[in-house]
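Subject: Structure for you to look at

Hello,

Here is the structure I promised to send. Please open it first, then read my notes below with the model beside you.

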Amino acid sequence: MLKTIDRINNPTQGCDTEPLLELRDLRTQFITPQSVVSAVDGVSLSIRPGQTMALVGESGSGKSVTALSILRLFNRGDKVKISGQALWRNRQGEVIDLLALQENELRTFRGREIGFVFQDPGASLNPVFTIGAQIRETLEIHQSNEDSSLLAIQLLRDVGIADPDRRINAFPHQLSGGMRQRVMLAMTLACQPRFLIADEPTTALDVTIQAQMMRLLSEIQEKHNMAMLFITHDLALVSQIADRVAVMYAGQVVETGSVHELTNRPKHPYTKALLDCRPIRLYKDDGPDERILIPIKGRPPRSGDVSMGCRFAPRCNAQKDICMQNPISLEIFSGAESVRCLRWRDL
Ligand code: ADP
Ligand code: MG
């Protein structure tokens with residue numbers, strides 16, 4: 001029997017839909033022989049059924065570790081310490097803390113309730129089996145009494161793969177990166193999850209395929225009424241897909257808000273800097289032009305190397321002495337928006 005928590009005591013209670021997943025003060029540390037790496041340091045987020053939350057931040061800010069912590073999908077050798085809560089509302093309306101579950105209890109949530117799409121689809125597909133065999137295998141684990149071949153073909157069609165009757169016999173290496181990503185999505189959908197975590201699903205794809213994939217994710221999310229956590233380092237992508245955004249910096253959430261509010265009226269200097277590093281086009285004499293990202297000056301701190309006060313202060317144009325003196329807490333407004341900056345009202 002799974003332990004359930006009857007009531008979620010959160011500041012947005014009373015809204016018509018309760019959260020599907022709520023992270024509370026999630027902290028994840030890797031214990032390595034050299035040091036303790038604090039990858040996620042007190043993250044709280046709440047996602048409602050059918051809603052898409054984007055999690056945005058530079059590389060190394062703790063986005064993937066946040067997502068992996070929910071289902072404890074770490075590599076076997078990793079020594080990981082997790083604390084906090086990941087409150088999941090099941091189909092009966094009961095609330096279960098995923099972080100309190102045993103490994104065998106948690107397994108029933110992986111894939112079936114919460115699906116994962118990763119950046120590198122190659123790594124998740126088995127090179128020696130056809131994609132049809134791999135989709136059928138997923139279908140048979142999760143729903144045994146349907147004709148799995150027909151369903152597999154339908155799933156490939158749903159994710160926009162042309163000629164699915166033929167493609168189903170292809171091996172992963174015979175497909176492009178974009179197609180492999182679609183196959184991964186088809187496998188994830190085979191389990192009919194209520195929540196999809198897409199971790200930089202388009203980063204490895206070229207720009208046109210990326211746009212197609214974003215459209216597809218949006219369509220599928222709407223059609224299946226799935227909730228989604230869409231992880232990206234590219235804030236420019238989020239307005240296409242998300243309802244809400246959480247910005248992460250050095251293991252912490254520094255700002256949350258609706259896509260509209262956050263992209264039109266960003267409060268945190270880091271969010272502003274991310275919005276300013278939209279890609280620009282470079283023209284070269286001897287070849288095709290290319291798009292580059294103007295980065296934010298300086299580098300994010302390494303874990304263990306964070307300043308006493310605001311973690312972004314060393315890179316912030318607006319920093320004052322008071323920013324460095326004490327840890328900055330997240331200021332929460334109306335339960336839906338928040339910012340971790342002492343000076344945002346003055347900026
Ligand atoms: P992001 O997805 O935002 O690029 P990650 O969540 O992957 O960043 O990583 C956050 C931090 O945790 C980084 O400093 C990274 O080096 C560290 N980290 C991630 N995985 C491991 C691991 N297996 N062992 C030790 N440190 C790790
Ligand atoms: Mg990542």
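**What I found**

Strand E3 (residues 52–56) and strand E9 (residues 244–249) run parallel, joined by 4 bridges. One pair to look for is Ala54, whose bridge partner in E9 is Val245. Keep in mind that this is a predicted model.

**The sheet of 8 strands**

E3 and E9 belong to an open sheet of 8 strands. Its order is E6-E7-E8-E3-E9-E10-E14-E13, and the pairing is mixed. Which strands stand at the edges? They are strand E6 (114–117) and strand E13 (331–333). Each has a single partner strand, so one side of each is left without a neighbour in the sheet. From one strand to the next, the twist averages 20 degrees.

**A closer look at E8**

E8 pairs with E7 in the parallel sense, over 5 bridges. There, Phe195 has Ala227 as its bridge partner in E8. E3 and E8 also run parallel, and 5 bridges join them. Leu55 stands opposite Ile231 in that pairing.

Is E8 mostly covered or mostly open? It is mostly covered, with 6 of its 6 residues buried. Now check E8 itself. Ala227, Leu229 and Ile231 point one way, while Met228, Phe230 and Thr232 point the other way. All of these are buried.

**The sheet of 4 strands**

There is also an open sheet of 4 strands, in the order E2-E1-E4-E5. Its pairing is antiparallel. Strand E2 (36–47) and strand E5 (95–97) stand at the edges. Each of these has a single partner strand, so one side of each lacks a neighbour in the sheet. Here the twist averages 10 degrees from one strand to the next.

Strand E4 (residues 80–89) and E5 run antiparallel, joined by 3 bridges. Leu87 stands opposite Asp97 in E5. H1 turns up again: it packs on this sheet, touching E1, E2 and E4. Its direction makes about 105 degrees with that of E1.

**One residue: Leu23**

Find Leu23 in strand E1 (residues 21–31). Is Leu23 buried or exposed? Its relative accessibility is 3%, so Leu23 counts as buried, since the cut-off for buried is under 20%. What does Leu23 contact, leaving aside its neighbours within four places in sequence? The contacts are Val43, Ser44, Leu45, Thr66, Ile70, Gln85 and Ala86. Ile47 is 24 residues from Leu23 in sequence, and their C-alpha atoms are 8.8 Å apart.

**The cavity**

How many cavities of 30 Å³ or more does the structure hold? It holds 1. The largest cavity has about 90 Å³ of space. Its lining is made up of 14 residues. Pro269, Cys310, Cys316, Cys323 and Cys341 lie nearest its centre. By class, the lining has 10 nonpolar, 2 polar and 2 charged residues.

Best wishes

How values were computed: Residues are numbered from 1 along each chain as its sequence is written. Chains are lettered from A and ligands numbered from 1 in the order in which they are written. This is a predicted model: local features need pLDDT of at least 70, side-chain atom pairs count only at pLDDT 80 or more; totals for chains, interfaces and linings use all residues. Side-chain values use heavy atoms; hydrogens and water are left out. Two strands pair if DSSP finds at least two bridges between them. Helices (H or I, at least four residues) and strands (E, at least two) are DSSP runs, numbered from the N terminus. Axes are lines fitted to C-alpha atoms, for helices over the stretch in contact, and angles run from 0 to 180 degrees between N-to-C directions. Buried means under 20% relative accessible area, exposed over 50%, partly exposed in between (1.4 Å probe, protein chains only). Contact means heavy atoms within 4.5 Å. On a 1 Å grid over the protein atoms alone, a cavity is a set of points where a 1.4 Å probe fits but cannot get out, and a pocket is an open set with protein on both sides within 12 Å along at least five of seven lines; lining residues have an atom within 4 Å of a point. Grid points are joined across faces, edges and corners, and a volume is the space filled by probe spheres set on the points. Ala, Val, Leu, Ile, Met, Phe, Trp, Tyr, Cys and Pro count as nonpolar, Asp, Glu, Lys and Arg as charged, and the others, Gly among them, as polar.
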